[in-house]
Amino acid sequence: MPWKKPTFLQFESTFRPSLLYNNLAYDGQDRFAVIDGSVVKVARRTWNMYYNWDSIIVFEDGREVTQCFWWKVPSRNSKLLVIATTMSDESPASVEIWDIGSLGSNSKIYEFTMKNTASGNRIDFVRGMASIELNHESETGTKLLSILFAGTSTGHVLGISADEMGFFEHATVVKELRSPITSLASDIKQSPTIVACDEDGNCIVWEFFHEYKDFLQKKTLYATRLPNRRDFYTTCALRGSVVVTGHRSGLLSFHQVEDEGVFAEVVASTASITSLAVMPTADCVVAGGEDCRASMFEFPRPAWRMTAKDRKASALFYSLCVNSKITGCAFVNLKDEKSLNFAVTLFEQPYIVQYEHELADGDHNGPIWETK
(Lines give C-alpha, C1' and ligand atoms only; values in the text may rest on other atoms or scores of the structure.)
Protein backbone atom coordinates (compact mmCIF):
# COMPACT_ATOMS: atom_id res chain seq x y z
CA MET A 1 0.00 0.00 0.00
CA PRO A 2 1.39 3.44 -0.91
CA TRP A 3 2.36 5.86 1.82
CA LYS A 4 3.33 9.49 1.41
CA LYS A 5 6.42 10.99 3.00
CA PRO A 6 5.86 11.65 6.73
CA THR A 7 5.01 15.16 7.87
CA PHE A 8 6.22 16.70 11.14
CA LEU A 9 4.29 18.79 13.62
CA GLN A 10 7.17 20.70 15.16
CA PHE A 11 7.52 21.60 18.86
CA GLU A 12 9.75 24.28 20.27
CA SER A 13 13.12 22.74 21.09
CA THR A 14 12.62 22.90 24.86
CA PHE A 15 9.55 20.66 24.75
CA ARG A 16 10.53 16.99 24.50
CA PRO A 17 7.81 14.44 25.34
CA SER A 18 9.12 12.43 28.27
CA LEU A 19 6.20 10.18 29.26
CA LEU A 20 7.03 6.73 27.90
CA TYR A 21 3.55 5.14 27.68
CA ASN A 22 0.34 6.25 25.95
CA ASN A 23 1.69 9.76 25.34
CA LEU A 24 -0.58 10.87 22.50
CA ALA A 25 -4.25 11.77 22.91
CA TYR A 26 -6.27 12.60 19.79
CA ASP A 27 -9.76 14.09 20.01
CA GLY A 28 -11.02 12.46 16.81
CA GLN A 29 -11.33 15.83 15.09
CA ASP A 30 -8.19 17.92 14.90
CA ARG A 31 -6.39 18.19 18.26
CA PHE A 32 -3.47 16.35 19.84
CA ALA A 33 -2.42 16.46 23.50
CA VAL A 34 1.15 15.55 24.47
CA ILE A 35 2.97 15.40 27.84
CA ASP A 36 6.44 16.44 28.96
CA GLY A 37 6.79 16.04 32.74
CA SER A 38 4.49 18.62 34.32
CA VAL A 39 3.57 20.29 31.01
CA VAL A 40 0.67 19.46 28.67
CA LYS A 41 0.56 20.92 25.19
CA VAL A 42 -2.32 20.87 22.74
CA ALA A 43 -1.79 21.22 18.99
CA ARG A 44 -4.02 21.31 15.96
CA ARG A 45 -3.12 18.63 13.45
CA THR A 46 -3.88 20.64 10.31
CA TRP A 47 -2.42 24.06 11.06
CA ASN A 48 0.33 24.95 8.61
CA MET A 49 2.48 26.94 11.04
CA TYR A 50 5.86 26.33 12.66
CA TYR A 51 4.34 26.35 16.15
CA ASN A 52 0.86 24.94 16.33
CA TRP A 53 -0.04 25.04 20.00
CA ASP A 54 -3.57 25.86 21.03
CA SER A 55 -2.82 25.67 24.71
CA ILE A 56 -0.14 25.09 27.32
CA ILE A 57 -1.00 23.80 30.81
CA VAL A 58 1.76 23.73 33.42
CA PHE A 59 1.58 22.14 36.89
CA GLU A 60 3.88 24.12 39.19
CA ASP A 61 3.20 22.27 42.46
CA GLY A 62 5.48 19.30 41.80
CA ARG A 63 2.89 17.03 40.22
CA GLU A 64 3.76 15.11 37.06
CA VAL A 65 1.21 14.39 34.35
CA THR A 66 0.58 10.69 33.76
CA GLN A 67 -1.98 10.75 30.95
CA CYS A 68 -4.29 12.93 28.85
CA PHE A 69 -7.69 11.89 27.55
CA TRP A 70 -10.34 13.63 25.41
CA TRP A 71 -13.79 13.20 26.97
CA LYS A 72 -17.10 13.73 25.18
CA VAL A 73 -19.78 14.97 27.61
CA PRO A 74 -23.48 15.57 26.82
CA SER A 75 -23.44 19.29 27.64
CA ARG A 76 -20.57 20.25 25.28
CA ASN A 77 -20.15 20.33 21.52
CA SER A 78 -16.39 19.74 21.66
CA LYS A 79 -14.53 17.26 23.83
CA LEU A 80 -13.00 18.22 27.16
CA LEU A 81 -9.37 17.49 27.99
CA VAL A 82 -8.90 15.32 31.08
CA ILE A 83 -5.47 15.36 32.75
CA ALA A 84 -4.33 12.73 35.27
CA THR A 85 -1.45 13.45 37.65
CA THR A 86 0.78 12.04 40.35
CA MET A 87 0.75 13.33 43.91
CA SER A 88 3.36 15.77 45.19
CA ASP A 89 4.42 17.14 48.58
CA GLU A 90 1.99 20.00 48.04
CA SER A 91 -0.94 18.36 46.23
CA PRO A 92 -2.70 14.98 46.04
CA ALA A 93 -3.06 12.96 42.86
CA SER A 94 -5.93 14.28 40.79
CA VAL A 95 -8.07 14.24 37.68
CA GLU A 96 -8.53 17.70 36.18
CA ILE A 97 -11.05 18.51 33.45
CA TRP A 98 -10.23 21.40 31.14
CA ASP A 99 -12.17 23.22 28.43
CA ILE A 100 -9.64 23.98 25.70
CA GLY A 101 -10.76 26.96 23.64
CA SER A 102 -9.37 28.44 20.46
CA LEU A 103 -6.28 30.63 20.29
CA GLY A 104 -4.87 29.39 23.58
CA SER A 105 -7.86 30.14 25.82
CA ASN A 106 -8.61 27.40 28.35
CA SER A 107 -10.24 26.98 31.73
CA LYS A 108 -10.29 24.28 34.38
CA ILE A 109 -13.93 23.39 35.01
CA TYR A 110 -13.62 20.48 37.46
CA GLU A 111 -11.01 18.81 39.69
CA PHE A 112 -11.33 15.49 41.49
CA THR A 113 -8.55 14.95 44.04
CA MET A 114 -7.58 11.49 45.31
CA LYS A 115 -5.67 11.23 48.58
CA ASN A 116 -6.57 7.84 50.08
CA THR A 117 -8.84 4.90 49.47
CA ALA A 118 -11.61 4.03 51.92
CA SER A 119 -9.24 1.53 53.55
CA GLY A 120 -6.59 4.21 54.05
CA ASN A 121 -4.15 3.32 51.25
CA ARG A 122 -2.48 6.37 49.76
CA ILE A 123 -3.10 7.06 46.07
CA ASP A 124 0.26 8.02 44.53
CA PHE A 125 -0.94 8.54 40.97
CA VAL A 126 -3.83 8.31 38.55
CA ARG A 127 -3.13 6.44 35.31
CA GLY A 128 -5.37 5.03 32.60
CA MET A 129 -8.64 6.66 31.45
CA ALA A 130 -11.68 5.59 29.45
CA SER A 131 -15.30 6.68 29.07
CA ILE A 132 -18.75 5.28 28.23
CA GLU A 133 -22.25 6.69 27.65
CA LEU A 134 -25.41 5.41 29.33
CA ASN A 135 -29.09 6.32 29.46
CA HIS A 136 -30.28 6.61 33.06
CA GLU A 137 -33.99 6.25 33.78
CA SER A 138 -35.48 7.90 36.86
CA GLU A 139 -38.80 9.30 38.09
CA THR A 140 -38.11 12.53 36.20
CA GLY A 141 -37.38 10.79 32.91
CA THR A 142 -34.42 9.49 30.95
CA LYS A 143 -31.16 11.39 30.84
CA LEU A 144 -27.90 10.76 29.04
CA LEU A 145 -24.81 10.29 31.19
CA SER A 146 -21.18 10.13 30.16
CA ILE A 147 -18.96 8.36 32.69
CA LEU A 148 -15.21 8.82 32.89
CA PHE A 149 -13.15 6.03 34.47
CA ALA A 150 -9.69 6.65 35.94
CA GLY A 151 -7.27 4.01 37.24
CA THR A 152 -5.08 4.52 40.31
CA SER A 153 -1.88 3.26 41.92
CA THR A 154 -3.95 1.15 44.34
CA GLY A 155 -5.76 -0.73 41.57
CA HIS A 156 -9.05 1.05 42.21
CA VAL A 157 -10.92 2.40 39.18
CA LEU A 158 -12.94 5.52 39.91
CA GLY A 159 -15.94 6.74 37.90
CA ILE A 160 -17.00 10.38 37.40
CA SER A 161 -20.29 11.13 35.62
CA ALA A 162 -21.33 14.16 33.56
CA ASP A 163 -24.98 14.82 32.68
CA GLU A 164 -26.77 16.93 30.08
CA MET A 165 -26.75 19.94 32.42
CA GLY A 166 -22.97 19.92 32.76
CA PHE A 167 -22.97 18.60 36.34
CA PHE A 168 -20.05 16.39 37.42
CA GLU A 169 -20.17 13.96 40.34
CA HIS A 170 -18.57 10.80 41.70
CA ALA A 171 -20.37 7.82 40.14
CA THR A 172 -18.68 4.62 41.31
CA VAL A 173 -15.49 2.91 42.41
CA VAL A 174 -14.43 -0.54 41.17
CA LYS A 175 -12.24 -2.44 43.63
CA GLU A 176 -11.54 -5.76 41.89
CA LEU A 177 -7.87 -5.07 41.08
CA ARG A 178 -5.15 -4.60 43.71
CA SER A 179 -2.06 -3.60 41.70
CA PRO A 180 -1.36 -0.28 39.96
CA ILE A 181 -3.44 0.21 36.84
CA THR A 182 -1.35 0.38 33.66
CA SER A 183 -4.09 1.12 31.12
CA LEU A 184 -7.83 1.50 30.59
CA ALA A 185 -9.68 1.52 27.28
CA SER A 186 -13.28 1.96 26.22
CA ASP A 187 -14.93 0.19 23.32
CA ILE A 188 -14.15 2.00 20.08
CA LYS A 189 -17.57 0.79 18.87
CA GLN A 190 -19.22 2.65 21.79
CA SER A 191 -20.71 -0.17 23.83
CA PRO A 192 -20.81 0.50 27.63
CA THR A 193 -17.76 -1.66 28.32
CA ILE A 194 -14.18 -0.92 29.38
CA VAL A 195 -11.04 -3.02 29.71
CA ALA A 196 -8.55 -2.57 32.56
CA CYS A 197 -5.00 -3.92 32.95
CA ASP A 198 -2.65 -3.78 35.94
CA GLU A 199 1.00 -4.38 36.82
CA ASP A 200 0.20 -7.86 38.16
CA GLY A 201 -0.68 -9.15 34.69
CA ASN A 202 -4.46 -8.95 35.02
CA CYS A 203 -6.78 -8.01 32.17
CA ILE A 204 -10.49 -7.62 32.88
CA VAL A 205 -13.51 -6.40 30.89
CA TRP A 206 -16.52 -4.84 32.63
CA GLU A 207 -19.93 -3.97 31.22
CA PHE A 208 -21.78 -1.14 33.01
CA PHE A 209 -25.50 -0.46 33.23
CA HIS A 210 -28.06 1.47 35.24
CA GLU A 211 -30.98 -0.29 36.84
CA TYR A 212 -34.12 1.78 37.40
CA LYS A 213 -33.65 4.15 40.37
CA ASP A 214 -30.38 2.44 41.20
CA PHE A 215 -26.68 3.21 41.25
CA LEU A 216 -24.31 2.30 38.45
CA GLN A 217 -23.96 -1.48 38.19
CA LYS A 218 -21.42 -3.69 36.42
CA LYS A 219 -20.78 -7.27 35.45
CA THR A 220 -17.51 -8.93 34.49
CA LEU A 221 -17.49 -10.20 30.90
CA TYR A 222 -13.91 -11.46 30.73
CA ALA A 223 -10.89 -11.85 33.00
CA THR A 224 -7.45 -13.34 32.45
CA ARG A 225 -4.00 -13.18 34.03
CA LEU A 226 -0.54 -13.66 32.58
CA PRO A 227 1.28 -16.69 34.04
CA ASN A 228 4.69 -15.00 33.78
CA ARG A 229 4.98 -12.61 36.72
CA ARG A 230 7.78 -10.69 34.98
CA ASP A 231 5.48 -9.77 32.11
CA PHE A 232 2.38 -7.59 32.28
CA TYR A 233 0.06 -5.66 29.98
CA THR A 234 1.42 -2.17 29.37
CA THR A 235 -1.43 -0.91 27.21
CA CYS A 236 -4.77 -2.11 25.84
CA ALA A 237 -7.55 -1.38 23.36
CA LEU A 238 -11.11 -2.65 22.84
CA ARG A 239 -13.13 -3.02 19.65
CA GLY A 240 -16.45 -4.80 20.04
CA SER A 241 -15.74 -8.24 21.49
CA VAL A 242 -12.00 -8.16 20.75
CA VAL A 243 -9.48 -6.92 23.33
CA VAL A 244 -5.98 -6.08 22.09
CA THR A 245 -3.21 -5.97 24.71
CA GLY A 246 0.41 -4.90 24.44
CA HIS A 247 2.94 -6.64 26.68
CA ARG A 248 6.07 -5.50 28.43
CA SER A 249 7.76 -8.37 26.56
CA GLY A 250 6.77 -6.91 23.15
CA LEU A 251 3.98 -9.40 22.48
CA LEU A 252 0.65 -8.28 21.03
CA SER A 253 -2.32 -10.43 22.13
CA PHE A 254 -5.84 -10.67 20.73
CA HIS A 255 -8.54 -11.77 23.19
CA GLN A 256 -12.07 -12.83 22.28
CA VAL A 257 -14.40 -11.73 25.09
CA GLU A 258 -17.28 -14.01 24.08
CA ASP A 259 -15.09 -17.11 23.96
CA GLU A 260 -13.00 -16.03 26.97
CA GLY A 261 -9.57 -16.65 25.55
CA VAL A 262 -6.54 -15.42 23.64
CA PHE A 263 -6.95 -16.48 20.02
CA ALA A 264 -3.78 -14.99 18.50
CA GLU A 265 -0.42 -13.51 19.48
CA VAL A 266 2.08 -11.51 17.43
CA VAL A 267 5.59 -10.35 18.32
CA ALA A 268 5.21 -6.64 17.56
CA SER A 269 8.32 -5.31 19.32
CA THR A 270 11.67 -6.56 20.61
CA ALA A 271 11.07 -4.42 23.73
CA SER A 272 8.03 -3.18 25.61
CA ILE A 273 4.94 -2.09 23.67
CA THR A 274 4.24 1.48 24.74
CA SER A 275 1.01 2.37 22.96
CA LEU A 276 -1.87 1.02 20.87
CA ALA A 277 -4.46 2.57 18.58
CA VAL A 278 -7.43 0.72 17.12
CA MET A 279 -9.23 1.95 14.03
CA PRO A 280 -12.93 2.68 14.67
CA THR A 281 -14.17 1.43 11.28
CA ALA A 282 -11.92 -1.55 10.55
CA ASP A 283 -10.18 -4.45 12.27
CA CYS A 284 -6.82 -2.73 12.33
CA VAL A 285 -4.38 -1.82 15.12
CA VAL A 286 -1.15 0.20 15.31
CA ALA A 287 1.38 -0.75 18.01
CA GLY A 288 4.33 1.41 19.05
CA GLY A 289 7.32 0.05 20.93
CA GLU A 290 10.46 0.90 22.86
CA ASP A 291 12.47 -0.61 20.01
CA CYS A 292 11.62 2.49 17.93
CA ARG A 293 9.22 0.55 15.71
CA ALA A 294 5.55 1.10 14.86
CA SER A 295 3.61 -1.64 13.12
CA MET A 296 0.10 -1.80 11.68
CA PHE A 297 -1.69 -5.14 11.82
CA GLU A 298 -5.00 -6.47 10.63
CA PHE A 299 -6.87 -8.40 13.31
CA PRO A 300 -6.56 -12.17 12.95
CA ARG A 301 -9.72 -14.26 12.86
CA PRO A 302 -10.38 -16.72 15.69
CA ALA A 303 -9.72 -20.17 14.28
CA TRP A 304 -12.41 -21.92 16.32
CA ARG A 305 -15.09 -19.55 14.99
CA MET A 306 -14.16 -19.90 11.32
CA THR A 307 -14.16 -22.61 8.71
CA ALA A 308 -10.78 -23.80 7.46
CA LYS A 309 -11.23 -21.64 4.37
CA ASP A 310 -11.79 -18.44 6.38
CA ARG A 311 -9.09 -18.89 9.00
CA LYS A 312 -6.51 -16.16 8.82
CA ALA A 313 -3.45 -15.05 10.76
CA SER A 314 -2.78 -11.42 11.59
CA ALA A 315 -1.49 -9.52 8.54
CA LEU A 316 1.25 -6.89 8.78
CA PHE A 317 0.23 -3.91 6.62
CA TYR A 318 2.94 -1.41 7.45
CA SER A 319 6.01 -1.18 9.66
CA LEU A 320 8.50 1.60 10.23
CA CYS A 321 11.54 2.25 12.39
CA VAL A 322 12.37 5.75 13.65
CA ASN A 323 15.14 7.45 15.62
CA SER A 324 13.67 7.14 19.12
CA LYS A 325 11.31 5.10 21.28
CA ILE A 326 7.69 5.47 20.21
CA THR A 327 5.64 6.75 23.14
CA GLY A 328 2.19 7.24 21.63
CA CYS A 329 0.17 6.52 18.49
CA ALA A 330 -3.26 7.40 17.13
CA PHE A 331 -5.31 6.99 13.97
CA VAL A 332 -6.13 10.43 12.55
CA ASN A 333 -8.41 11.93 9.87
CA LEU A 334 -11.29 9.86 11.23
CA LYS A 335 -13.83 11.73 9.07
CA ASP A 336 -12.71 9.42 6.27
CA GLU A 337 -14.00 6.08 7.50
CA LYS A 338 -11.43 4.14 5.51
CA SER A 339 -8.37 6.28 6.13
CA LEU A 340 -5.27 4.50 7.44
CA ASN A 341 -3.53 7.76 8.42
CA PHE A 342 -1.84 7.67 11.80
CA ALA A 343 0.51 9.70 13.98
CA VAL A 344 3.20 8.87 16.55
CA THR A 345 5.12 10.69 19.27
CA LEU A 346 8.77 9.92 19.98
CA PHE A 347 10.60 9.90 23.30
CA GLU A 348 12.28 13.27 23.90
CA GLN A 349 11.98 14.28 20.23
CA PRO A 350 10.41 17.70 19.54
CA TYR A 351 7.71 16.71 17.06
CA ILE A 352 4.74 14.52 16.20
CA VAL A 353 5.19 12.45 13.04
CA GLN A 354 2.16 11.89 10.79
CA TYR A 355 1.92 9.13 8.18
CA GLU A 356 -0.63 9.50 5.41
CA HIS A 357 -1.86 6.60 3.33
CA GLU A 358 -2.25 7.52 -0.32
CA LEU A 359 -5.45 5.81 -1.43
CA ALA A 360 -5.49 4.08 -4.77
CA ASP A 361 -8.23 2.38 -6.78
CA GLY A 362 -9.31 -0.83 -5.10
CA ASP A 363 -7.70 -0.08 -1.72
CA HIS A 364 -11.10 0.00 -0.03
CA ASN A 365 -12.09 -3.42 -1.26
CA GLY A 366 -9.56 -5.52 0.64
CA PRO A 367 -10.28 -7.84 3.57
CA ILE A 368 -9.44 -5.15 6.13
CA TRP A 369 -12.84 -3.56 5.49
CA GLU A 370 -14.80 -6.73 6.12
CA THR A 371 -16.41 -6.87 9.55
CA LYS A 372 -15.32 -9.93 11.49
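Colleague: How many bridges join strand S7 to S8?

Modeller: Four bridges join S7 (residues 80-85) to S8, and the two strands run antiparallel. Strands here are DSSP runs of E with at least two residues, helices are runs of H or I with at least four residues, and both are numbered from the N terminus. Two strands pair if DSSP finds at least two bridges between them. Before we go on, this is a predicted model: local features need pLDDT of at least 70, side-chain atom pairs count only at pLDDT 80 or more, and totals for chains, interfaces and linings use all residues. Residues are numbered from 1 along each chain as its sequence is written, and side-chain values use heavy atoms, with hydrogens and water left out.

Colleague: Which residue in S8 is the bridge partner of Ile83?

Modeller: Glu96 in S8 is the bridge partner of Ile83. S8 also pairs with strand S9 (residues 106-114), in the antiparallel sense, over eight bridges. Ser94 stands opposite Thr113 of S9 there.

Colleague: Is S8 mostly covered or mostly open?

Modeller: Mostly covered: of the eight residues in S8 (93-100), seven are buried. Buried means under 20% relative accessible area, exposed means over 50%, and partly exposed lies in between, with a 1.4 Å probe and protein chains only. For the chain of 372 residues, 56% count as buried.

Colleague: How many helices and strands does the chain have?

Modeller: Zero helices and 28 strands.

Colleague: Different topic. What is the strand order in the open sheet of four strands?

Modeller: The order is S14-S15-S16-S17, with antiparallel pairing. Strand S14 (181-186) and strand S17 (216-225) are the edges; each has a single partner strand, so one side of each is left without a neighbour in the sheet. On average, neighbouring strands of this sheet are turned by 20 degrees against each other, direction ignored. The angles are between lines fitted to C-alpha atoms.

Colleague: How many bridges are there between S16 and S17?

Modeller: Nine bridges, and strand S16 (residues 202-210) pairs with S17 in the antiparallel sense. Phe209 stands opposite Gln217 in S17, and His210 has Leu216 of S17 as its bridge partner.

Colleague: And how many join S15 to S16?

Modeller: Five bridges join S15 to S16, again antiparallel. Ile194 stands opposite Trp206 in S16. The hairpin of S15 and S16 has three residues between the strands, and Gly201 in that hairpin takes a positive phi near 85 degrees.

Colleague: Now charges. How many salt bridges does a search of the whole structure find?

Modeller: It finds 17. A salt bridge is a side-chain nitrogen of Lys or Arg within 4 Å of a carboxyl oxygen of Asp or Glu. One of them joins Arg225 and Asp200, whose closest N and O atoms are 2.6 Å apart. That pair links distant parts of the chain, with Arg225 in strand S17 and Asp200 in the loop between strand S15 (193-198) and S16, 25 residues apart.

Colleague: Why does Asp200 count as buried?

Modeller: Asp200 counts as buried because its relative accessibility is 18%. Arg225 is at 41%, so Arg225 counts as partly exposed.

Colleague: Which residue meets Glu111 in a salt bridge?

Modeller: Arg63, at 3.7 Å from N to O. Glu111 is in strand S9, while Arg63 is in the loop between strand S5 (53-58) and strand S6 (65-71), 48 residues apart. Arg63 is buried, with a relative accessible area of 6%, whereas Glu111 is partly exposed at 34% relative accessibility. Both belong to a network of salt bridges that links Asp61, Arg63, Glu96, Lys108 and Glu111.

Methods:
Axes fitted to C-alpha atoms, helices over the stretch in contact; angles between N-to-C directions.
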